[in-house]
Amino acid sequence: MTAVRFERVGIAFGSRSILSGVSLDIADGEFVGVLGPNGAGKTTLMRAILGLVRPTEGAIAVLGGPARRGNPGVGYLPQMHRSAPGAGFSGWDLVASSAGGGRWGWPGTSAAERRDIERALDLTDARDLARRPVGELSGGQRQRLLLAQALVGRPRLLLLDEPLISLDPSRQRSTVELVRRLRHEQPVTVLFSAHEINPLLGAIDRVLYLGNGAAALGTVDEVITSPVLSRLYAADIDVVRLGGRIFVMAGGHDIERAEHRHDA
Amino acid sequence: MLDYDFMVTAFLAAGIVGAIAGVVGFFLVLRGQTFAGHALSHVGFAGATGAVVFGLPPLAGLIGLTLIAGLGMGLLGERLTGRDVAIGVVLSLSLGLGLLFLHFYTSYATQVTALLFGNVLGVDRATLWTLLGIAVVGLGTLTFAARPLIFASLQPELAEAKGVSLPLVSLLFLAVTAITVAGCVKIVGVLLVFTLMVGPAAAAARMTSRLRTGVLLAPLLAVAEAWAGIALAYYTDWPVSVWIAALSGAVFLLTFVPLGRRPAPA
Ligand SMILES: Nc1ncnc2c1ncn2[C@@H]1O[C@H](COP(=O)(O)OP(=O)(O)OP(=O)(O)O)[C@@H](O)[C@H]1O
Ligand SMILES: [Mg+2]
């Protein structure tokens with residue numbers, strides 16, 4: 001079974017093409033790292049899978065059906081914003097606001113929903129964080145809370161947009177480890193976008209590297225290579241492996257790091 | 001003081017409007033749209049004065065134009081709401097337009113103070129029924145839409161992905177805001193709408209970290225401040241709006257006084 005299938009998908013905003021002619025299959029239960037420079041289209045790709053961005057050509061299938069908004073089988077952690085509305089309210093309120101999706105009526109959760117929320121909070125070790133006002137949490141603590149939120153409702157497909165932003169290296173490792181472990185507790189396909197390949201090494205099954213309107217999907221060894229990345233970056237790229245880490249270099253600079261410095 | 005009919009009406013009017021203003025204000029604060037609420041009241045000024053020029057009841061013009069403006073803001077959606085400059089332009093244009101209408105119809109000028117600063121003691125029975133209608137429709141709509149409204153306010157991208165229609169939620173909310181603003185204008189006036197709508201809600205938001213407590217606390221504060229304002233005005237003979245503004249400001253400032261807040265659990 002495929003969890004996500006792109007068939008000759010093109011996405012454009014006005015005259016600006018973001019992706020063109022992308023075909024790919026992501027199998028059920030795969031853990032895929034989504035990489036690429038700023039503006040390559042990582043967020044756009046996830047929003048297309050969520051049915052929020054309509055491809056200008058081709059078709060996207062998600063969990064056996066066409067991509068559509070409000071699919072209860074899909075969990076989503078949006079890329080973090082600096083501003084957080086409702087910062088004075090508790091993490092629980094934040095997480096619970098999405099339980100039950102977008103149904104109308106007065107807010108409230110059923111006993112089953114509360115149990116599900118507690119289960120998700122326990123998985124990301126965020127039960128205590130949920131009692132505190134969101135505005136008091138550090139960036140990393142807030143990410144743990146939002147990751148728990150993405151797990152509410154036991155999604156079969158998890159789209160995590162840059163969950164490592166503003167985490168220190170040890171928290172980065174533990175977040176990746178958490179997602180990896182999660183897949184043993186509930187079968188789930190994960191798309192996990194990141195700035196850098198290194199925190200994901202050893203955990204992901206395959207890499208989806210975006211750049212220059214194209215996409216390359218394969219194992220780390222197949223994709224993180226000088227020829228493939230040179231095509232995606234439209235520049236001469238060297239891939240240097242050192243002590244179990246991978247450095248993607250252009251003209252002697254580590255571009256995966258430099259590219260994203262502004263987000264930190 | 002409750003021997004007087006106009007006082008009873010005033011308490012009823014303030015209670016009705018305070019209840020809905022508190023709830024609407026709570027969501028305005030949550031969504032960071034308080035300035036939009038402020039601008040809507042100024043649109044109401046143009047609506048009320050314009051209605052007089054065209055021989056219509058001012059209250060109809062007030063409600064009509066704020067509602068149109070609220071729906072307009074909702075339709076323009078993210079492109080307008082939260083954009084302070086665009087809202088500020090609408091605000092000044094409306095005041096200018098209102099001034100022009102006054103210029104054509106100078107005999108209405110005596111009532112302008114009531115429009116700008118409110119006149120809850122002058123509310124008549126018919127107005128009271130209109131205010132009740134606003135509150136019932138507004139609170140009914142909010143009760144129906146509270147869940148997606150909270151979700152969309154806290155996490156718009158996620159809400160959208162889960163199937164919430166952000167434009168619809170925004171449209172419904174701004175429509176309710178518009179009629180609520182019109183109600184507030186009758187109590188505290190165009191210039192002091194904040195005192196009833198945003199002051200109590202902002203204080204409530206600072207007093208609790210639980211959303212559902214906040215939604216209920218805001219209208220309680222608003223009604224309490226409005227009633228206390230009327231009572232104080234009765235005994236001091238100062239204008240009601242002065243007292244409501246003072247209480248609203250005082251309660252908000254009080255929330256900054258540290259009350260030995262319990263330490264957050266680690
Ligand atoms: N709604 C939109 N309208 C127009 N252009 C858009 C829109 N959303 C995204 N884009 C453009 O699409 C391109 C891809 O953006 P996207 O956010 O998907 O990149 P990304 O890979 O997630 O980048 P980052 O690493 O900075 O998060 C960018 O050039 C962006 O400007
Ligand atoms: Mg992105």
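Modeller: Two strands are said to pair if DSSP finds at least two bridges between them, and that rule is applied here to a predicted model.

Biologist: How many bridges join strand β1 to strand β2 in chain A?

Modeller: Strand β1 of chain A covers residues 2–13 and strand β2 of chain A covers residues 16–27, and the two run antiparallel. Within this pairing, F6(A) stands opposite L24(A) of β2(A). The number of bridges joining the two strands is eight.

Biologist: Which residue in the hairpin of β1(A) and β2(A) takes a positive phi?

Modeller: The hairpin leaves two residues between its strands. The residue there with a positive phi, near 60 degrees, is G14(A).

Biologist: Which residue of β4(A) does V4(A) stand opposite?

Modeller: Strand β1(A) is also joined by five bridges to strand β4 of chain A, residues 57–62, and these two run antiparallel. In β4(A), the residue opposite V4(A) is V62(A).

Biologist: How far apart are the end C-alpha atoms of helix α1 of chain B?

Modeller: Helix α1 of chain B holds 27 residues, 5–31, and at 1.5 Å a residue it should span 39 Å. The helix is mostly covered, with 21 of its 27 residues buried.

Biologist: Which residues coordinate the magnesium ion, ligand 2?

Modeller: The coordinating atoms are an OG1 and an OE1, at 1.9 to 2.1 Å. They come from distant parts of the chain, 36 residues apart, one in helix α1 of chain A and the other in the loop between β6 and α2 of chain A. The two residues are T43(A) and Q79(A).

Methods: Residues are numbered from 1 along each chain as its sequence is written. Chains are lettered from A and ligands numbered from 1 in the order in which they are written. This is a predicted model: local features need pLDDT of at least 70, side-chain atom pairs count only at pLDDT 80 or more; totals for chains, interfaces and linings use all residues. Side-chain values use heavy atoms; hydrogens and water are left out. Helices (H or I, at least four residues) and strands (E, at least two) are DSSP runs, numbered from the N terminus. The expected span of a helix is 1.5 Å times one less than its number of residues. Buried means under 20% relative accessible area, exposed over 50%, partly exposed in between (1.4 Å probe, protein chains only). Donors are N, O and S atoms within 2.8 Å of the metal (3.2 Å for Na, K and Ca); water is not among the atoms, so sites may look incomplete.
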